[in-house]
Amino acid sequence: MSIEQLLEKRERLLGPNNPLFYDEPLHLVKGEGVWVTDADGRRYLDCYNNVPCVGHCHPRVVDAICRQAGELNTHTRYVHVNILTYAEKLLATFDPTLNRMMLGCTGSEANDIAMRMAKLWTGGEGIICTNATYHGNTDLVMRLSSLFGPTDDQTGTIEMVPWPDSYRALNGLKGEALTDAYVAEIDRAIERFSQAGVKLAGMLVCPIYANEGLPNIPDGYLARAVAAVRAAGGVFIADEVQSGFGRTGRLWGHEGQGVVPDILTLGKPMANGHPVSAVVARGELIDHFRSNVMYFNTFGGNPVSCAAALAVLEVIEEEGLVANAESVGRHVLEGFNALKARHDLIGDVRGKGLFFGMDLVLDRDRKTPAPKETSRVVNEMRRRGVIMSSIGEHGNVLKMRPPLPFSKANADQLIGTLDDVLGDL
Ligand SMILES: Cc1ncc(COP(=O)(O)O)c(C=O)c1O
């Protein structure tokens, strides 16, 4: 079947407005490591997909899934050792205060539970989030997710604060004054809740603000924002659905920011594409939630999912993928900064581990976002065999987060192709 026929069938069977990447959508049929292959046999360097974090179709993960699927798969109302083996291994990677977990299937579900847990624990309703984010698609979580359109939340229980950006900095401030200004926004959100008689439940943010555009976070901001939230009686929920599992060159995105979350949520890369998510929290929060809510999840924590997730953690450790993310990430950033010196369209280059944002602008002085040019770059890169996407409040940030086994040679292909595309634009 041709791509046109498949697209027609897709629209007929799945309905309209079903998002697809690229002007010429990709029909992928195979993946291996950092490569994906389309139906015509053409290979693409995958610089976008963080879900297959240990590499597409990693044999260890495939084998773990197949073996357990051939033995038993059922839900958590029967005792099974896989979930316990996984819990021990996962929880050992966090600060000791984060000592319990619950498993689910999607990041949305994990954030939904985390918000419910925070509300139940604090007796509050109010949640602080940023003004250009995405945390998922349940009714509750959608109320925070303004990145793809207005949330129209009428409950008065959501307060959005500006995301902490050092590039298009609030009021043009710098250094400590900038941190102060963003923290003052948190204080103001708390004050607005207080004026409206809404008790604070907490703050839910991605610790690297990935969907907002992966900013360089002003020094000390997150720790001070969390301190303000806690002083007002709220808890800190870190959405590590994108930032977790080595992506940033550290195992967890909140590491190195001087703060330990009360609750954190995991998803996407957790089982390399098999749908697994988690809520990890201080034991007392999970105990309180479980004591008050009869929570059951048919698929969450099943033996096959746990086998896949365990294999992912083992591969990350054994193949040194966190260190690889850190060192190859530095190499990519050096390359991107060299591109910035040559191409005026590049306003800012940002990165943490193997997660990169390139902010494209029409005018470097005014920092005018260039969303159309960003889309052209993404589509032209796809034509030349390198896949990536864009994100951010203005849709002008090239977003790149390849599978973690990305090598320096892969990086050089990415940088070289980007250089050519920007040159031709
Ligand atoms: C930061 C973040 N949190 C949560 C989600 C929702 O995850 P899921 O699509 O698995 O429900 C996403 C998805 O893009 C995300 O980027």
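Guide: Start with pairing. Two strands pair if DSSP finds at least two bridges between them. This is a predicted model. In it, Trp35 stands opposite Leu45 in β3.

Visitor: What makes β2 and β3 a pair?

Guide: The cut-off is at least two bridges. Strand β2 and strand β3 (residues 43-46) have three, and they run antiparallel. So they pair, because the cut-off is at least two bridges.

Visitor: How do you know that β1 and β2 pair?

Guide: By the bridge count again. Four bridges join β1 (residues 28-32) to β2 (residues 35-38), also antiparallel. At least two are needed. Lys30 stands opposite Thr37 in β2.

Visitor: What happens between the strands of the hairpin of β1 and β2?

Guide: Two residues lie between the strands, and Gly33 takes a positive phi near 60 degrees. In the hairpin of β2 and β3, four residues lie between the strands. There, Gly41 has a positive phi near 85 degrees.

Visitor: Why does the radius of gyration of the chain agree with a compact globule?

Guide: Because a compact globule of 425 residues would have a radius near 22 Å, and the chain has 21 Å. The C-alpha atoms fill a box of roughly 60 × 60 × 45 Å along the principal axes.

Visitor: What share of the residues is called buried?

Guide: The test is 20 or more other C-beta atoms within 10 Å of a residue's own. Buried residues make up 50% of the 425.

Visitor: Which two domains is the chain divided into?

Guide: Domain 1 is 3-54 + 321-424, and domain 2 is 60-318. Their C-alpha centres lie 25 Å apart.

Visitor: How many residues of each domain are in contact with the other?

Guide: Contact needs C-beta atoms within 7 Å. On that basis, 25 residues of domain 1 touch 27 residues of domain 2. On the domain 1 side, α10 gives the largest share, five residues. That side divides into 12 nonpolar, five polar and eight charged residues.

Visitor: Which residues come nearest the ligand?

Guide: Thr106, Gly107, Ser108, Gly136 and Val241, out of 14 around it. Helix α4 (residues 107-122) gives the most to this shell, with three residues.

Visitor: How do the residues of the shell divide into nonpolar, polar and charged?

Guide: Three are nonpolar, 10 polar and one charged. Gly counts as polar here, so Gly107 and Gly136, both among the nearest, fall in the polar class.

Terms used. Residues numbered from 1 in each chain as written. Predicted model: local features only at pLDDT ≥ 70, side-chain atom pairs only at ≥ 80, totals over all residues. Rg over C-alpha atoms; globule rule 2.2 N^0.38 Å. Buried ≥ 20, exposed ≤ 12 C-beta atoms within 10 Å, placed from the backbone. Near = placed C-beta within 6 Å. Domains from an automatic or database assignment. Contact = placed C-beta atoms within 7 Å.
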